[in-house]
Amino acid sequence: MTKITFVEYNGTERSIDAENGQSLMQTAVDNLVPGIDGDCGGSCACATCHCYIEGPLAAKLPELGDTERSMLEMAEGVTAASRLACQITVSGDLDGLVVRTPEGQH
Amino acid sequence: MSANVVIVGGGHAAGQAVASLRQGGFDGGITLVTAEQSLPYQRPPLSKAYLAGELPRERLLMRPPAFYEGAGVDARLGVEATGLDAGRRSLTLSDGGQLAYHHLILATGGRPRPLPCPGADHPAVHYLRTIADVDAMRPRFVQGARIVIVGAGYIGLEVAAVAIKHGLQPVVLEMAPMVLARVASPEVAGFFERVHRGAGVDLRTGVAVSAIEDRDGKAVVVSTAGDRIEADLVVAGVGLLPNVELAQAAGIDCDNGIVVDAFCRTSAPGVYAVGDCSNHPSHLYGRRLRLESVHNALEQAKTAAADICGKPQAYDQVPWFWSDQYELKLQTAGLSQGYDQVVIRGDMATRSFAAFYLKDGRLLAVDAVNRPIEFTLAKRWIKDGKAPSAQQLGDDSIEAKALAA
């Protein structure tokens with residue numbers, strides 16, 4: 001189990017013991033984290049799991065893939081911290097990760 | 001007694017309805033009734049990674065069993081809703097039980113349209129809609145097998161792509177003169193035909209099945225062209241019939257699906273219909289639509305849940321779809337029906353292009369192949385009702401991002 005903290009757009013925080021090997025998107029969906037939809041089930045087709053990851057642990061994330069980069073390119077509210085949660089797999093390296101979620105995914 | 005909701009169905013719409021009700025603060029009882037032996041799961045991988053054996057069954061679930069326990073959901077698996085009394089607000093179940101409801105969400109989806117030809121009940125003939133369907137065909141879906149796929153829609157072409165990857169010999173028969181006839185333009189269809197033929201698929205268009213015969217346990221598919229094709233496995237993907245019978249028998253308005261308003265309410269008080277089974281008014285396209293897509297299922301479930309939670313919000317979304325075949329990601333936004341102009345951006349030979357569909361200069365839809373940026377932009381343009389000119393859309397030397405300005 002890896003501790004992940006999701007912070008909503010309005011500041012509401014919730015910490016989750018995430019299962020290693022699962023995607024960050026599925027972790028959010030399973031735990032009813034608002035602001036993460038994951039419509040396409042993780043095939044990088046919809047960009048409805050857009051989130052923001054900053055801080056030292058961001059460096060431990062895999063680099064942006066080509067499709068992920070393109071999908072994010074035109075997403076609303078994109079920043080240097082933007083990621084698609086479906087492309088990130090939870091592992092022990094990410095213990096303490098803080099993920100900010102947007103108000104909505106449209 | 002506090003209000004309760006009964007949800008009938010086991011796909012994306014049913015699963016999302018549970019989540020959105022709880023997310024929206026609904027604290028009454030939720031009962032989920034599904035004829036399948038599984039909690040709500042994702043169907044798109046069935047014709048892709050699940051058929052390919054790359055995805056274990058538990059990964060198909062939208063949410064794990066613990067979620068439903070935590071949400072206090074009474075899940076009745078393997079139980080069919082056989083009768084609905086909309087006046088008494090009561091449901092009859094196949095196990096003999098009765099369920100009273102304040103709100104009922106029909107997320108009954110659809111079933112594959114059966115092949116209409118003689119011999120369609122041959123044991124080698126399979127359809128693809130459920131986990132059980134894929135599990136049933138798997139013993140025949142083996143390397144070296146000859147597979148005849150009837151219908152070159154999304155499902156047929158995705159199965160053909162997986163079949164090639166697994167060393168089967170696929171033959172695809174399509175009644176229409178081109179593949180993806182219901183959804184794509186001749187230009188885009190032609191591209192997918194070249195891709196599949198190039199990959200080794202024996203693709204025959206303008207050919208229907210007139211009969212299926214038996215030869216020592218194998219199926220012999222007789223085509224209208226007079227061919228006789230022996231097959232270890234026949235997979236038919238010739239459309240979906242919406243499951244409206246429960247609603248229809250209860251006197252609820254149905255017309256190519258269960259008729260709903262912009263809030264997914266049917267003609268019966270307290271009864272909603274969402275997903276593939278529903279027929280909704282589209283403000284964007286100025287007509288009624290019955291959509292078969294994940295996005296529609298999820299968003300309509302959210303719409304119904306929001307109404308039940310007392311926060312009604314009209315459904316008004318740009319439809320979108322995706323399909324994975326080989327290394328190609330096809331993303332479609334909008335509906336192209338009625339277009340009078342198609343603009344191709346990029347070179348199809350590079351397997352990266354977007355086809356924009358316009359009517360009277362207005363953007364209706366896009367088919368984007370390995371072009372996520374164009375897909376994302378077009379979805380927004382369609383929603384906003386404004387887009388760059390046809391000339392700008394077709395000029396691939398202008399960066400897509402620059403068109404957004």
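In general terms, a disulfide is a covalent bond joining the sulfur atoms of two cysteines. A:Cys51 has a relative accessible area of 0% and is buried, where buried denotes under 20%, exposed over 50%, and partly exposed the range in between, with a 1.4 Å probe and protein chains only.

B:Cys264 is likewise in no disulfide, the nearest cysteine sulfur being that of B:Cys277, 9.5 Å away. B:Cys264 is also buried, at 0% relative accessibility. Over all chains, a search of the whole structure finds 0 disulfides.

## Basis of the model

The model is predicted: local features require pLDDT of at least 70 and side-chain atom pairs pLDDT 80 or more, whereas totals for chains, interfaces and linings use all residues. Residues are numbered from 1 along each chain as its sequence is written, chains are lettered from A and ligands numbered from 1 in the order in which they are written, and side-chain values use heavy atoms, leaving out hydrogens and water.

## Residues with positive phi

Most residues other than glycine have a negative phi. A:Cys44 has a positive phi, near 60°. This residue sits in the loop between helix H1 (24-30) and strand E3 (50-53) of chain A; helices (H or I, at least four residues) and strands (E, at least two) are DSSP runs numbered from the N terminus. A:Cys44 is buried, with a relative accessible area of 7%.

In chain B, the phi of B:Asn370 is positive as well, near 50°. B:Asn370 belongs to the loop between strand E26 (362-369) and helix H8 (372-384). B:Asn370 is partly exposed, at 29% relative accessibility.

## Overall form of chain B

Chain B contains 10 helices and 26 strands. Its radius of gyration is 22 Å, close to the 22 Å from the globule rule for 405 residues, so chain B is as compact as a globular protein of that length. The radius is taken over C-alpha atoms, and the rule is 2.2 Å times the number of residues to the power 0.38. The C-alpha atoms fill a box of roughly 65 × 65 × 35 Å along the principal axes.

Of the 405 residues in chain B, 56% are buried. Among contacts with a separation of 6 or more, 60% involve residues 24 or more positions apart, a contact being heavy atoms within 4.5 Å.

Note on methods
Disulfide = S-S within 2.5 Å.
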